Amino acid sequence: MKVAVFSTKPYDRLFLEEANQDQLELSFFESRLDSLTCMLAQDYPVVCTFVNDRLNANILLRLFDGKTRMLALRCAGFNNVDFYAAKNLGFIVARVPAYSPVSISEYTIGLILALARKICKAYVRTREANFSLDGLLGYNICDRLVGIIGTGKIGFLTAKTLLGFGCSVWAQDVVENPELTKLGVQYVSQNEIFKNCDIISLHCPFTTDTHHLIRRETIEILKNGVMLVNTSRGGLIDTEAVIEGLKSGKIGSLAIDVYEEEANFFFEDYSDRVIQDDALARILNFPNVIVTGHQAFFTEEAMRAIAKQTIDNIIAFRDGQTPPGNMPL
Ligand code: NAI
């Protein structure tokens, strides 16, 4: 069966080919799937996509006309898919719901420690033989109150790890996890997290409910100097409002692995170009901000698991079975 793989980087190809073992006919396209590149998928029954590929109604219709019948997402998040259109057209959609949640939670912990102890700033400084400690004063995360919004697979592990660091953990989710309560996590309202927590980490999906969860009104009630971490999806944060919060000092530090407009930049090298996105350019310039390019998932373990389940999903579809990562539409 022919599969058109979009947004392919050399590392995607490596892991997908390893998992495939020549069972499927994979064609790798470096380009992102969009209204121009969707014509490349003509006559491919399966299209395999990543987080920033566009699967809106118009593109889905064109894929359908080109005989595509399955969308194999090689990621957990699915906010880039128009499910209404996919359902109407009768697409099978499968994803990789849990490939290595520990990869993202460990990365989140790394960001929290790096911000609290100014490790990135120190790294840059000592590269120039500046060993002064001025401006590097940090704080312990032990005994701090951390708020976790979204206690699914990743939020759960992050909360559990933070307890191990001696943090107090408050959480908010639409569905509470009794296992976390048993471990000592206290479920509270979102507002209580905003008002009281020293560190807030976002782990809920990006939906209409969570769009701009962090915005001007919520920033106003945050504890002064709060640390904010987002390894979930960029749309959870209103970037302009966060920039104002950083300028006023309300937000003491920020780490983002995702950005609202990341599709235009992330996974590409822009080091010799002028960034035209003023919000991104501004946020990259704060001394108390860490920006990474959607790499929290990027471990050998995660890549291997993503590739395996993606291939398994497509093979099940080819064989007329329900893919293990099937998404009921
Ligand atoms: P999950 O589905 O296991 O957990 C999400 C949790 O958020 C669920 O417990 C759900 O009840 C909760 N939730 C939903 N709506 C909510 C709301 N309005 N308020 C509070 N909680 C709400 O998902 P998982 O695997 O833990 O992933 C979390 C997010 O991390 C995903 O949405 C994905 O976008 C992101 N992610 C980021 C990666 C990266 O490389 N930066 C890699 C993988 C996932």
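Strand β3 (residues 46-49) pairs with strand β4 (residues 70-73) in the parallel sense, and 4 bridges connect the two. The structure is a predicted model.

**The five-stranded sheet**

- β3 and β4 belong to an open sheet of 5 strands, ordered β2-β1-β3-β4-β5 and paired in parallel.
- The edges of this sheet are formed by β2 (25-28) and β5 (92-94); each has a single partner strand, so one side of each is left without a neighbour in the sheet.
- From one strand to the next, the twist averages 20 degrees.
- As a general point, the strands of a sheet pair through backbone hydrogen bonds, in either a parallel or an antiparallel manner.

**Strand β3 and its neighbours**

- On one side, β3 pairs with β1 in the parallel sense, over 3 bridges.
- V46 of β3 is the bridge partner of V3, and V46 also has M70 in β4 as a bridge partner.

- Helix α12 (residues 300-318) lies across β1 (2-5), β2, β3, β4 and β5.
- Relative to β4, helix α12 runs at about 165 degrees.

**Strands β10 and β11**

- Strand β10 (residues 226-230) runs parallel to β11, and 5 bridges join the two.
- Within this pairing, N230 stands opposite I256 in β11.
- Strand β11 (residues 251-256) is mostly covered, with 5 of its 6 residues buried.

**Loop residues with positive phi**

- Q21 is located in the loop between α1 (10-20) and β2.
- The phi of Q21 is near 50 degrees, which is a positive value in a residue other than glycine.
- Q21 is exposed, because its relative accessible area of 58% is over the 50% cut-off for that class.
- D43 lies in the loop between β2 and β3 and has a positive phi of about 70 degrees, although it is not a glycine.
- The relative accessible area of D43 is 38%; this value falls between the limits of 20% and 50%, so D43 counts as partly exposed.

**The largest pocket**

- The largest pocket has a volume of about 1000 Å³.
- Its lining comprises 42 residues, of which H203, C204, P205, F206 and S232 are the closest to the centre of the pocket.
- By residue class, the lining divides into 20 nonpolar, 16 polar and 6 charged residues.
- Two helices, α4 (101-116) and α6 (153-164), each supply at least two residues of the lining.
- The element that gives the most to the lining is α6, with 3 residues.

Methods:
Residues are numbered from 1 along each chain as its sequence is written. This is a predicted model: local features need pLDDT of at least 70, side-chain atom pairs count only at pLDDT 80 or more; totals for chains, interfaces and linings use all residues. Side-chain values use heavy atoms; hydrogens and water are left out. On a 1 Å grid over the protein atoms alone, a cavity is a set of points where a 1.4 Å probe fits but cannot get out, and a pocket is an open set with protein on both sides within 12 Å along at least five of seven lines; lining residues have an atom within 4 Å of a point. Grid points are joined across faces, edges and corners, and a volume is the space filled by probe spheres set on the points. Ala, Val, Leu, Ile, Met, Phe, Trp, Tyr, Cys and Pro count as nonpolar, Asp, Glu, Lys and Arg as charged, and the others, Gly among them, as polar. Two strands pair if DSSP finds at least two bridges between them. Axes are lines fitted to C-alpha atoms, for helices over the stretch in contact, and angles run from 0 to 180 degrees between N-to-C directions. Contact means heavy atoms within 4.5 Å. Buried means under 20% relative accessible area, exposed over 50%, partly exposed in between (1.4 Å probe, protein chains only).
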